[in-house]
Amino acid sequence: MKEPNDRGHDPKARRRRCFIVGVVFLLLLLLLFIIVLILALTVFKPKEPRTELVSATLEGISPRISFSPVSIQLNIILNLTLLVKNPNHASFKHGPGKSYLLYQGDQVGEADLCPGLIPSKGTQTLPSQLTIEVDEMATHISALISDFLQGQLVFETRTTIPGRVSFLKIFKKHAVTTSDCRLAIAIPSMKIQSQECKSKTKL
């Protein structure tokens with residue numbers, strides 16, 4: 001008398017179970033991929049870190065003008081305080097940045113910015129101290145004299161901060177944020193009269 005076959009040892013049943021498990025696994029993998037894709041395109045979509053100039057102060061000022069012969073001596077230290085905002089749901093790690101001081105389109109000073117890490121939805125304040133290179137300004141002596149006579153000096157600052165946005169330490173996106181500002185310094189008080197800034201980020 002033959003014993004009935006055990007379904008647990010039926011090759012067809014085993015293959016059927018393996019097929020079902022494989023299909024379920026592939027469906028779960030596909031669902032996980034879709035969820036990650038949706039999050040990457042919505043919640044975790046890289047947003048532009050923004051840089052703002054929150055304050056600008058002067059120190060070490062000693063202007064002196066002589067018209068015979070024409071001579072202008074000027075020693076100015078410009079202290080800038082920059083605020084970097086990270087609107088992402090991920091950290092923004094930035095490397096060493098640079099601030100440049102321009103007069104009539106030419107560089108007359110520069111300063112280094114320290115690297116750092118800005119947490120998700122966080123901000124970081126970066127101090128920057130720029131010293132004017134008087135020799136470089138002397139190449140625009142006529143414009144400098146005109147500015148003095150009009151009662152204000154106009155400078156431009158350009159700040160560049162490279163970095164990358166990191167999601168779960170897996171997805172990384174490089175970003176470079178820049179800030180361009182126009183500063184008007186009143187004469188003879190040598191105080192910041194006005195400032196206009198624009199910022200942008202390349203991802």
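What follows is a short chat about the sheets, bonds and surface of this predicted model.

Me: Hi! What should I know about the model before I look at it?
Reply: It is a predicted model, in which local features need pLDDT of at least 70 and side-chain atom pairs count only at pLDDT 80 or more, while totals for chains, interfaces and linings use all residues. Residues are numbered from 1 along each chain as its sequence is written, and side-chain values use heavy atoms, with hydrogens and water left out.

Me: Thanks. In what order do the strands of the 3-stranded open sheet run?
Reply: The order is β1-β4-β9, with antiparallel pairing. Strands here are DSSP runs of E with at least two residues, and helices are runs of H or I with at least four, both numbered from the N terminus. Two strands pair if DSSP finds at least two bridges between them.

Me: Which strands stand at the edges?
Reply: β1 (50–59) and β9 (123–131) do; each has a single partner strand, so one side of each is left without a neighbour in the sheet. On average, neighbouring strands of this sheet are turned by 20 degrees against each other, direction ignored. The axes behind that angle are lines fitted to C-alpha atoms, for helices over the stretch in contact, and angles run from 0 to 180 degrees between N-to-C directions.

Me: And over how many bridges do β4 and β9 pair?
Reply: Strand β4 (residues 77–85) pairs with β9 over 9 bridges, in the antiparallel sense. Lys85 has Thr123 in β9 as its bridge partner.

Me: Switching topic: which cysteines does a disulfide join?
Reply: Cys181 and Cys197, with S to S at 2.1 Å. A search of the whole structure finds 1 disulfide, defined as a pair of cysteine sulfur atoms within 2.5 Å.

Me: Is that disulfide right-handed or left-handed, and why?
Reply: The torsion about the S-S bond is about 115 degrees, so the disulfide is right-handed. The pair links distant parts of the chain, with Cys181 in strand β11 (residues 171–186) and Cys197 in strand β12 (residues 192–202), 16 residues apart.

Me: Is Cys181 buried or exposed?
Reply: Buried, at 6% relative accessibility, while Cys197 is partly exposed at 35%. Buried means under 20% relative accessible area, exposed over 50%, and partly exposed in between, with a 1.4 Å probe and protein chains only.

Me: OK, salt bridges next. How many are there?
Reply: The count comes to 3 salt bridges, each a side-chain nitrogen of Lys or Arg within 4 Å of a carboxyl oxygen of Asp or Glu. One of them joins Lys98 to Glu110, whose closest N and O atoms are 2.6 Å apart. Lys98 lies in strand β6 and Glu110 in strand β7, so this pair ties together parts 12 residues apart in sequence.

Me: What about Lys98 and Asp112?
Reply: Their side chains also meet in a salt bridge, at 2.7 Å from N to O. Asp112 is exposed, at 55% relative accessibility, and Lys98 is partly exposed at 25%.

Me: How do β6 and β7 pair?
Reply: Strand β6 (residues 97–103) and strand β7 (residues 106–113) pair in the antiparallel sense over 7 bridges. Their hairpin has 2 residues between the strands, and Gln104 takes a positive phi near 55 degrees there.

Me: Where does the salt bridge of Arg158 and Asp180 sit?
Reply: Their side chains meet at 3.2 Å, N to O. Arg158 is in strand β10 (residues 152–167) and Asp180 in strand β11, 22 residues apart.
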